[in-house]
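Please keep the sequence and the structure in view while reading.

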Amino acid sequence: MNPRDLFIEAAYVVASILFILGLRSLTLPDRARRGMQLAALGMLVAIVGTVVNHQIVRYEWILAGLALGTVIGYPLGVYVPMTAMPQRIAISHMFGAVAATLVGVAEFYSLGQGAQVERAQMAALGFEVLFGALTITGSFMAFGKLQELLPSRPVTFPGQNLVSMAMFVAAVVLFAWLLVEPANPRAFYAMVALALLFGISLVLPIGGADMPVVISLLNSYAGLASSATGFAIGNNVLIIAGALDGASGFILSIIMSRAMNRSFRNVLFGAFGAAPKASARSTQGLAVHAITPEDAAIQLAYARLVIVVPGYGMAVAQAQHQVRELASLIEKNGGTVLYAIHPVAGRMPGHMNVLLAEADVPYDKLKEMEEINDEFKNADVALVIGANDVVNPAARSDESSPIYGMPILNVDQAKQVIVMKRSMNPGFAGIENELFYGQNTAMLFGDAKNSLTKLVQEVKQG
Amino acid sequence: MHGVSLLELYVFILAGFVGFFTITRVPALLHTPLMSATNAISAISLVGSLVLAGADRGILPTLLGFVAVTSATINVVGGFIITDRMLKMFKRADRKGPAAPGGGARP
């Protein structure tokens, strides 16, 4: 091994170690920032190691790409608001997949349209462009839905699953054919096209509330595409970083699907499109008890323990700062405020934590479901802000409910429940929520931000 | 060109295990930063894109390489910045915890 190759390999080893240390630091919130700075340093080392590669003979396109990417990437890092984080993450999966897919396509093209590709390398290229292409379009669709360029409700047409499956099977058949006979450009490009179409049909039928699973899954696919790139071009640091990303997305999709009580198979095949029909159990004849901000404020002002349950509604209303303000007032009155975060609250894993941290809520008050569920019976008030399915008791009791078996927050055990909601329209899934009709539940109708602002004023005066 | 070796499969499987055992210990609190962090790290495909854009294998591969370099750089630059921005926001209530890098007043 000549000194130059030795330098390159050493740079990649250092980068891999720094990446792993960086991810490890994310287990401790206080160390996480320093750790990720190390990971960024690792990236720099890998880039420096790469540009001395003997295959690189001209630098103008490299510099142009680096410059353009920085010009686009910098504002995407600095100016995107925290509320837009789900779509920001979705589009970044697309960029990652574009890079992996194009490297794969160009590799195939420049190796004599597959004529000089060995079978093992074809396997790597195939996985690379399959995962890559379906992640490109899938992530773009997810971005469109989250950014509300596309309807966030499930878009379905008759025979959709059949069409999706047919495309998937056709792509796999082409892949198998290529493994037998790699010098087959038509099959290769048709496979890429089918994977692109499959990505669209995979995400189109998925509704907003299922987005945490989809984003995690696409995260995993983007990682696997990177890893396959590493196999295709014989680069270990790509294999390692891609495997880390793939594992991360995979774990997150399992956590998310468990939190929604969906099967593992469901996650892998993404067949979670079908919108559940309304629950068999009717709430007709039951009456809700509405409450005024004045009365709600009195209850909050004298509460010793208040548990806030945020949901997607809080993100939509961008009410996290008002939540924090209200909590400060309650704490000033001697009460304690904790936050119960359901794993799938919001549109991506950890969505609520980021929003509340942005509003300066200390992270030791953000409690995971298992940690806080026993506390609800001690709570004087549970304040539900724009959450619905994750607090629906039907998940515990109603076997006919589509969300039966899903772990939920025990909000109904609190002495008093105040639910902030825009109207009595059932949530995305169209499931009635008995919690709203409970004896100890009061509904505070209106936009969450307005209601919270009123509550803050009332508590201040009281 | 090079062939895919069994050694690479070892690397993949072992890295997958390291990832699995590391990431299962990341608290739900940091799942969003985790996502943006792994995304930024997997933009290491920049390494492959750089070689492609600079190898002069003809106009089409070079152009594809240019687009790939641009896409991957977007994730490297934007991904690490936004991860840092998020992690900066997570603070403890008590003052005893280890000092956050960068310091700053706490409530």
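In chain A, helix H5 (residues 119-146) packs against helix H8 (residues 211-233) at an angle of about 150 degrees, with their axes 8 Å apart. That angle makes H5(A) roughly antiparallel to H8(A), and H5(A) passes H8(A) in a left-handed crossing. The residues of this contact divide into 18 nonpolar, six polar and one charged. The model is predicted: local features need pLDDT of at least 70, side-chain atom pairs count only at pLDDT 80 or more, and totals for chains, interfaces and linings use all residues. Residues are numbered from 1 along each chain as its sequence is written, while chains are lettered from A and ligands numbered from 1 in the order in which they are written.

Some terms need their cut-offs here. Helices (H or I, at least four residues) and strands (E, at least two) are DSSP runs, numbered from the N terminus. Axes are lines fitted to C-alpha atoms, for helices over the stretch in contact, and angles run from 0 to 180 degrees between N-to-C directions. Angles under 35 degrees count as roughly parallel, over 145 as roughly antiparallel, 65 to 115 as roughly perpendicular, and the rest as oblique. A crossing is left-handed if the near helix is turned anticlockwise from the far one by less than a right angle, and right-handed if clockwise. Ala, Val, Leu, Ile, Met, Phe, Trp, Tyr, Cys and Pro count as nonpolar, Asp, Glu, Lys and Arg as charged, and the others, Gly among them, as polar.

H8(A) also packs against helix H9 (residues 236-259) of chain A, at an angle of about 160 degrees and with the axes 7 Å apart. H8(A) and H9(A) are therefore roughly antiparallel to each other, and H8(A) passes H9(A) in a left-handed crossing. By class, the contact of H8(A) with H9(A) has 13 nonpolar, 15 polar and one charged residues.

A further helix pair joins the two chains: helix H4 (residues 85-110) of chain A packs with helix H3 (residues 46-54) of chain B at an angle of about 40 degrees, their axes being 9 Å apart. That makes H4(A) oblique to H3(B). H4(A) passes H3(B) in a left-handed crossing. Here A:Ala99, A:Val103 and A:Ala106 meet B:Leu46, B:Gly48, B:Ser49 and B:Leu52, where two residues are in contact if their C-beta atoms, placed from the backbone, lie within 7 Å. By class, the residues of the contact of H4(A) with H3(B) are five nonpolar, two polar and no charged.

| Helix pair | Angle | Axis distance |
|---|---|---|
| H5(A) and H8(A) | about 150 degrees | 8 Å |
| H8(A) and H9(A) | about 160 degrees | 7 Å |
| H4(A) and H3(B) | about 40 degrees | 9 Å |

Taking the interface as a whole, 84 residues of chain B are in contact with 105 residues of chain A. Helix H1 (6-23), helix H2 (31-42), H3 and helix H4 (59-89) of chain B each supply at least two residues of the side that touches chain A, and H4(B) gives the most to that side, with 28 residues. By class, the side of chain B that touches chain A has 49 nonpolar, 27 polar and eight charged residues.

Chain B itself has four helices and zero strands. Of its 107 residues, 59% count as buried, a residue being buried if 20 or more other C-beta atoms lie within 10 Å of its own, exposed if 12 or fewer, and partly exposed in between, with C-beta atoms placed from the backbone. H4(B) is mostly covered, as 25 of its 31 residues are buried.

A:Val45, in helix H2 (residues 32-51) of chain A, is buried, with 20 other C-beta atoms within 10 Å. Not counting residues up to four places away in sequence, A:Val45 touches A:Ala11, A:Val14 and A:Ala15. A:Glu148 lies in the loop between H5 and helix H6 (160-180) of chain A, and its phi is near 60 degrees, a positive value in a residue other than glycine. With 10 C-beta neighbours inside 10 Å, A:Glu148 counts as exposed. A:Asp360, in the loop between helix H14 (351-358) and strand S3 (366-368) of chain A, has a positive phi of about 70 degrees although it is not a glycine. With 15 C-beta neighbours inside 10 Å, A:Asp360 counts as partly exposed.
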